[in-house]
Structures are given as structure tokens and as C-alpha cells.
Amino acid sequence: MRLAAFLSLAVAAAAVNVSNSDPFEQWHGPKAGDVRGPCPFLNTFANHGFLPRTGKYITLDDLTNGLFNAVNFDANISAFLFDFAISTNPEPNSSWFSLDHLTRHNVLEHDASLSRVDAFHGHADIFNQEAFDETRSHWGDIVNVESGAAAIVARMKTCKSTNPQYSLSQLGEAFILGETAAFISILGDAEALTVEKTRVEYLFQNERLPTELGWKRPEAQFTTDILVRNLQAVAVEYQKRLNSTVLRKRGVDYAERLMNGRARVF
């Protein structure tokens with residue numbers, strides 16, 4: 001009896017350990033000394049342990065393996081993102097970056113964030129509920145490229161009217177379109193370009209993958225071709241809305257260059 005009881009406990013403990021080794025289930029927020037940045041997705045991956053939990057000294061291998069294991073990104077996208085990310089590291093000739101480096105204003109971090117205040121008003125590494133509430137007010141229960149683009153333009157208009165130092169570089173503009181294309185594709189259907197609003201809200205507000213809501217790692221690999229195609233779909237809707245505003249004179253031209261694949265970011 002004692003042996004049987006011991007074996008039962010051992011089996012139960014082993015099952016718990018196997019379950020607890022799953023990074024999708026192993027989430028915890030940053031501890032003292034850890035760093036996070038302006039990107040909800042990268043923060044989420046660090047919180048799950050797909051990236052170093054400290055948020056520091058992230059190498060190309062860390063990013064490639066982490067993004068593949070978390071959301072099935074191909075290596076080309078990871079290399080593309082890494083090249084931009086290390087440009088924010090103030091240390092010359094770096095082969096790594098930390099998430100807080102990404103908060104350097106107007107390198108990759110940009111005004112008109114969907115979930116952060118502009119640098120003029122505060123820190124971009126901190127989620128801001130008011131900013132995100134404005135964003136999600138433009139989404140229906142299902143977020144698509146139309147409502148995604150509407151939220152982007154709304155945030156731009158608000159930030160332009162409230163920030164005396166408002167600016168948005170061409171690279172920042174491309175990234176904000178790419179971010180919307182990415183969260184729709186990764187959390188939802190990359191072909192139909194739709195996603196449940198609750199999944200997006202869950203990730204942004206908790207910086208945690210929405211497995212509790214039925215989300216699973218995509219089976220189809222997310223490639224550069226898919227990202228460009230879906231970014232262009234967002235850019236089409238973005239262009240339509242820019243045409244009816246006076247946000248920026250070069251906005252339409254840049255959106256056209258994005259759609260034609262000639263923008264610097266790609």
C-alpha cells in the first residue's frame with residue numbers, strides 16, 4: 001500500500017512538472033530588476049519565458065527561437081526585427097538588445113501608440129488604459145483591417161492635437177501599420193484578417209497570451225510574404241482614412257509606397 005501510494009504521488013508530481021514546463025502556461029510578470037518595453041507582444045513573450053524573462057541581452061538566437069516557439073514566426077521575420085531592434089541599443093556594434101532599449105523615442109518607438117502615451121506625456125514602456133480605451137472603442141466584437149485602420153488614424157488625430165511635439169517618422173508609420181497587421185494575423189485568422197476583440201484586449205492589457213480564451217499557437221508559419229500582404233491590406237484602409245484628414249501631407253504617398261513594396265521598412 002505504501003509503495004502504491006508513493007508511486008501515485010510520484011506520477012502526480014511528474015504530471016504537474018510536465019504541465020508547469022509548458023511556457024504557454026508558465027506566465028509571470030516582471031520581477032524587480034527586469035525590464036520591459038513598448039511592444040506588448042515582446043513583453044508577453046518575456047513574461048512567458050519564450051524570451052529571457054529579464055527582458056535583457058536578447059540575441060538573434062533568442063529572438064528567432066522565441067518567436068518560432070511562441071507564434072510560429074519564420075527566421076526571416078525574426079532577423080528583420082532583430083536588425084531594427086539592435087539599432088536601439090546605445091552600445092556600438094551590439095549583438096543583443098534589451099526590451100527597454102526599444103523605448104528610445106523615434107527610433108522604433110513612436111507617437112500615436114495604440115496602448116501607450118506619447119513620449120512627451122510619459123513612458124512608453126508602461127501600458128496606458130486611457131490610450132488603449134480610445135483604440136478599442138473603434139473596434140467591433142471582431143477586429144478587421146477596416147476597424148484596425150480606423151483606430152490607428154483616431155490615435156494619430158488625438159496625439160497630434162494633444163502633443164505639441166508630435167511626430168511620426170516613416171519607419172514609425174510603417175511599424176504602426178505592421179503592428180496592427182501582426183496582432184490580427186497572430187491572434188486571429190491571417191487569411192480572413194479578422195480576430196476576436198477579446199483576444200486582443202486580453203494580450204494588450206495582461207501582456208499574456210490568450211490561451212484562456214481558446215487561442216493556440218498558429219499551425220501555419222507566419223512569413224515575411226504574409227506580413228507584407230497583410231500590412232498592405234491595413235495600409236489600403238489607412239490610406240482611405242488619411243485621404244479624408246489633414247494629419248500629414250505625405251501620408252497618402254507613403255501608404256502607396258507601402259502597398260507597392262517600396263518602403264524602406266521592407
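## Helix H2

The buried residues of H2 are covered by elements that include helix H3 (60–71), helix H7 (170–187) and helix H8 (197–206); contact here is heavy atoms within 4.5 Å. Helices are DSSP runs of H or I with at least four residues, numbered from the N terminus. This is a predicted model, in which local features need pLDDT of at least 70, side-chain atom pairs count only at pLDDT 80 or more, and totals for chains, interfaces and linings use all residues. Residues are numbered from 1 along each chain as its sequence is written, and side-chain values use heavy atoms, without hydrogens and water.

Because 9 of the 9 residues of H2 (residues 40–48) are buried, this helix is largely enclosed by the rest of the structure. Buried means under 20% relative accessible area (1.4 Å probe, protein chains only). Among the buried residues are Phe 41, Leu 42, Asn 43 and His 48. Gly 49 follows H2 and has a positive phi, near 90 degrees.

## Second largest pocket

A pocket is an open set of points on a 1 Å grid over the protein atoms alone, where a 1.4 Å probe fits, with protein on both sides within 12 Å along at least five of seven lines; lining residues have an atom within 4 Å of a point. The second largest pocket holds about 160 Å³ of space, a volume being the space filled by probe spheres set on the points.

Helix H5 (129–136) and helix H6 (145–162) each supply at least two lining residues, and H6 gives the most, with 4 residues. The lining includes Asp 118, His 121, Glu 134 and Arg 155.

Conventions:
Buried < 20%, exposed > 50% of the residue type's maximum accessible area, 1.4 Å probe, protein only.
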